[in-house]
Amino acid sequence: MIDIPPYPPLDPSNYDLIVVGTGVSESVLAAAASSSGSSVLHLDPNPFYGSHFASLSLPDLTSFLHSNSVSPPPSPSSPPLPPSNNHDFISVDLVNRSLYSSVEISSFESEILEEHSRRFNVDLAGPRVVFCADESINLMLKSGANNYVEFKSIDASFVGDSSGELRNVPDSRAAIFKDKSLTLLEKNQLMKFFKLVQSHLASSTEKDDSTTVKISEEDMESPFVDFLSKMRLPPKIKSIILYAIAMLDYDQDNTETCRHLLKTKEGIDRLALYITSMGRFSNALGALIYPIYGQGELPQAFCRRAAVKGCIYVLRMPITALLLDKETGGYKGVRLASGQEIFSQKLILDPCVTVGLESLSSLTDQQNETLSVLVPKSMINKEKIARGVCVIRGSVKANVSNALVVYPPKSLFPEQLTAIRVLQLGSGLAVCPADMHVLYLSTLCDNDDQGIKALLSAMSNLISLPVPENRQSDSVVENDTSETKPILLWRALYVQELVKGEFGGTISSMPSPDGNLNYNEIVESAVKLYEKLMGSEELFKEETSPAENTTEEENDGGVEIED
Amino acid sequence: MHGRPRNASKPEEEAASAAKAVQLRSLQSQFMTNHHDKIYTNEAIELSTKLLEINPEAYTAWNYRKLAVEDRLARIEPDPNLVSAILDEELRVVESALRQNFKSYGAWHHRKWVLSKGHSSVGNELRLLEKFQKLDSRNFHAWNYRRFVVELTNRSEQDELQYTDDMINNNFSNYSAWHNRSVLLSSLLAQNADGFMPNIKIPEEYDFVHSAIFTEPDDQSGWFYHLWLLDQTLNVETPLLTSSWPSHGSSIILSGAGCLSGSSSMFTTFCSESGSFPLILYFDQAVGGVSSSTVTIDSELKGNEGLVWEPIPNKNSQVSCVWVARLKYVSSDPCEYKVKIRVGNSPGIVSSRGYNFNAPYEFVFTAHVHDTVEDSQEGIVSWTDGFDIWDAKSKDLNSLVTLDRLNAEMDFKWRQEAIDSEVECFGILPDSKIGKLTLARLLMAREAMVSDDAVKGVHYEEILQLYNDLMALDSSHYQYYKDEHSKAFLHKVTSSSESLSRHLLRYRDMNNLVCLRLNNLSLSRIASVEKLLFVQMLDLSHNELHSTEGLEAMQLLSCLNLSHNRIRSFSALDSLRHVKQLKVLDVSHNHIGKHSVDTTRYLCSSPLSNSELGQDDVGKQNPGLVTKYWDAYCVLTDLNLKQLDIAGNEIAGEEFSSFVLQVVPKLVWLDGQKKLGN
């Protein structure tokens, strides 16, 4: 890291828990642990909150991606410090794993962007939104983090294809009614299917289910895509349900390439999330909301909550080494970049923090055991996620500012294996200057080229790219009708590795941002880890005083959505 | 506002409401005193405000306030500021009353009253309405009031139409919005407002409502609107002549009472003791103004100037679909006459909705007057023997083709196209009862529009099947589907000469009467009568008829068989009173008298409402029986029956038989027995 300002030594130097990194899951844990009375030290090597979930200005985003991309700077290979001054411990140096590769950032109208550069709040882990009925919302309400963040609705969602046309996702009764692209029979079939799902959900919550229709157990275990076929839904509607409502990634019709074939049971759960999201907040337009000032607000809100409960925060503070007990090999503490040694019962680390293989060789088995979660695993099927950020002038759809666009598998080109999701956000969310929009794209991929190709294809479908790029100009489909499309001002393309979190007793490693549209899996893993760390203790238990909760619910669950 | 479960109140809530009632009662009595003494002081008015804020339903209090406002307005200077201060206070009270109860008739009416004074700003009203309509978008009070305000503000109907668009897009289960849409469109279409041509707008509206219907076929709002659209498509406003008897180009044989020797079976023979025959005009909708000046007759038959046209069934009514005049002839003067009738030559025939009959129609027929050879016979009419097959060359069936003139209508094409596309559309809506019903209705409408003989009648099988399905699917509306099934069946029978002739016969014994046999078809109602005006003998036995409604137009009918049906009283035969020609009636094996309480009895003239009843000889001799059998008495006294079969009904018996013989002295045959001593 760059130059570290001199820090006064931290006091106290002993904590129940040290958390490194201020991503969503780290922040949820820090907040949960502090509110249950543990003493927590929360560190972040960066000068901002959010780690990989941060929302940054364009220059900050650029430098973050560059400094965290492959070809890691040969880490300050200052000869390993003398094992330790203190003879009770041995210290193990840490290595920063880079999550990003194929980073390419291009600016097309630099003057304008420079003028406004600080008015951008661009997400690192976009596109990402919150479903109104998400567990993350419940967690915010429970913890009180909702007091620090405001949301607005995503106005519309669309399904796109190679024709360049964006069709509304008919996700509600009124939307089906208004839809212009569905035939009458399709409207009928789709609504019937929604009613079946609703009736199934109603029957599973109410005991008295004599009249309601239920989906059979057998069907629940079958692949969701087969169940949709069984319901005689036409391909067009199946694709809308699978990729634009259930938000699946892999082509469910292609068993060879599909890494995750969804079961009906899971499919129904995903629809249930969507359906319950639609009506949860009366002032939300649809199922999806997004935090004003960017998704970096979310981890920050939990951090503020943690701070209120006594958690100590230090930014710009990397840790350089772990301290292990010489005798037992157990974890003792960390050494900060400032040189100070801090001790804790437990340690939670950002996914970037790893241990170099060379340093393991000199350690005992017990010591290796302690550090096992920090050793990068070589995965067989290395799934990655390609992300893109575009700053554009104009909007991908007239009269719509905040919108989600989904390109189902094979909708753009025959070899497209996974769905591509695009999220457009406007100045109403305070993420960019007026008359511009920020466009986030993502798709799962096996390798960088495949992912980048898919993203470029989606981009050329939505926006007019100024000049054929120096790289892979063949993948950019030239379009004559690009006159009306929004104009690209700035673009970042990068591929991010998907790292799973790991619980390792005293030391745990958190997951990287995943490929999902929402925070559910991230939050879920944080909750699970908390339960393991703290036994069965419930998250934010003390916050759930009923009185407080009800007033919050009336206040639209604290999710302030303004128009 | 909708779908909220009602919970039983808790004891403390009951206590609270009891306390409120006590308070309310004392307020109410004070208020009544004020009202009675016409006290309009500030305190008294304040009291009524309090009362209304608790109970907006206190209509008297609203009326009191109106009086109070009038009183105050009369006292002050005509300064607009003072006036509007008083009225604004009223608006405020109404608003808070509405917050208490959004559905208070009194409150909404009071607001209208205040607004009509013309001193208040109407701009606020729409804003207030937006607020209320957000809370309950379907509330019809708010929609009513909206229409009122819109009229006051001169807001354009197009803008209001856009508003219904928005409301429907928001939630299409909003019948109030659909209704307002139909009101606005009717008005815009009637004005021929910019771009509002029915041939363009109506198909657009079909597209719009299809989305609602297909998205949720179980929701009623869309279907109601669809029904309205269908009505707009099918209803040709100007009345048309549907059929007549005699029909154009036909020949009839007229004679006095009795039989003709060797009359041709080619033509309808009409015998009359009175020396007149009916001329029947059948319109597609009720019209008035049919008279000797609007319908002119050019004929060699003497004595028919200034014909009297009577509406059937109700003489006193101004309008009817069926109009009858009686043409005189002299049977001792055998000859051939041409008769030319012109309908609507001079204006004056107007539909009940105010549209002029503007398609003058002329028809010509030939009347052969024959001398009577034999004396009238009084033989019994049999329903089993003595029939000859129908001669297909008869011209009587001309009456089947008159409807085709509809095609001459200028805007007929879009209507036909609209119905065609509707048929196509609802053909794909599966498993919906209302969908099937709509499809059946559409197919019926389509049949009515078809003029090409090649494709005429091709849909009836499908229609009948749809109604059969519906009867099986939806037993609670069985009778309705049954009736519609009967209608469709009769439409099918009368759709072509060929299909109708299969049911036609001639009855040899009585001058080759035209006999139509529609027995054993499980008919529950009569239809297509306009095409059967020439029928003289009708066999409807072994059906499921409940009434003879519709038969009144068949002025030539002289023999009617209704045996083995479901007639429950003589009141159900009421329409037969207008069939003056009826001589033979068989109502045996029905349910007359079976139900001691039969509500249909009370729909017709009853002993209490008809003072003339029982004033004749029978009534004077036997007031008890007349009271007991008043409905039979009503019907039978008006008929000239020679033959009646009543056996197999609860009512039948010696007492009733003797009563019948008294009431119908001319009766010859009763239940197959020749009347003795006659």
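Reader: Why is B:Tyr105 called exposed?

Author: In this predicted model, the relative accessibility of B:Tyr105 is 51%. Exposed means over 50%, so B:Tyr105 counts as exposed. B:Tyr105 belongs to helix α5 of chain B, residues 105-116.

Reader: What makes B:Tyr59, B:Tyr105 and B:Phe140 a patch?

Author: Nonpolar side chains, among them Phe and Tyr, are joined within 5 Å if their residues have over 30% relative accessible area and no salt bridge. B:Tyr59, B:Tyr105 and B:Phe140 make a nonpolar surface patch of about 330 Å².

Reader: How do you know that B:Glu90 and B:Arg65 form a salt bridge?

Author: The closest N and O atoms of B:Glu90 and B:Arg65 are 2.9 Å apart. The cut-off is 4 Å, so the pair qualifies as a salt bridge. B:Glu90 is in helix α4 of chain B (residues 80-100) and B:Arg65 in helix α3 of chain B (residues 59-75); the two are 25 residues apart and link distant parts of the chain.

Reader: Are B:Glu90 and B:Arg65 buried or exposed?

Author: Buried means under 20% relative accessible area. B:Glu90 has 2% and therefore counts as buried. B:Arg65 has 1%, so B:Arg65 is buried too.

Reader: What makes the pair B:Asp165 and B:Arg181 a salt bridge?

Author: The closest N and O atoms of B:Asp165 and B:Arg181 lie 2.8 Å apart, and the rule asks for a distance within 4 Å. The pair links distant parts of the chain, with B:Asp165 in helix α8 (residues 157-170) and B:Arg181 in helix α9 (residues 175-191) of chain B, 16 residues apart. B:Arg181 has a relative accessible area of 5%, so B:Arg181 is buried.

Reader: Why is the pair B:Glu461 and B:Lys492 said to tie together parts of the chain?

Author: The side chains of B:Glu461 and B:Lys492 meet in a salt bridge at 2.6 Å, N to O. B:Glu461 lies in helix α14 (residues 460-473) and B:Lys492 in helix α15 (residues 478-493) of chain B, so parts 31 residues apart in sequence are tied together. B:Lys492 has 26% relative accessibility and is therefore called partly exposed, a class that falls between under 20% and over 50%.

Reader: What makes A:Arg173, A:Lys195, B:Glu216, B:Asp218 and B:Asp219 one network?

Author: These five residues are joined by salt bridges that share partners. Over all chains, the salt bridge count is 47.

Reader: Why are β7 and β8 of chain A called edge strands?

Author: The open sheet has 3 strands in the order β7-β11-β8 (chain A), with antiparallel pairing. Strands β7 (130-131) and β8 (151-153) of chain A each pair on one side only.

Reader: How do you know that β8(A) pairs with β11 of chain A?

Author: Pairing takes at least two bridges. β8(A) and strand β11 of chain A (residues 288-291) are joined by 3 bridges and run antiparallel, so they count as paired. In β11(A), A:Tyr290 is the bridge partner of A:Lys152.

Reader: What makes β19 and β20 of chain A a pair?

Author: Strand β19 (residues 420-426) and strand β20 (residues 436-445) of chain A share 6 bridges in the antiparallel sense, against a requirement of at least two. A:Gly426 stands opposite A:His437 in β20(A). An open sheet of 8 strands holds both, in the order β5-β21-β17-β20-β19-β18-β9-β10 (chain A), with mixed pairing.

Definitions and conventions
Residues numbered from 1 in each chain as written. Chains lettered and ligands numbered in written order. Predicted model: local features only at pLDDT ≥ 70, side-chain atom pairs only at ≥ 80, totals over all residues. Heavy atoms only, no water. Patch = residues over 30% accessible without salt bridge, like charges linked within 9 Å, V, L, I, M, F, W, Y side chains within 5 Å. Areas by Shrake-Rupley, 256 points an atom, 1.4 Å probe, with all protein chains shown as cover. Helix = DSSP H or I, 4+ residues; strand = E, 2+ residues; numbered from the N terminus. Buried < 20%, exposed > 50% of the residue type's maximum accessible area, 1.4 Å probe, protein only.
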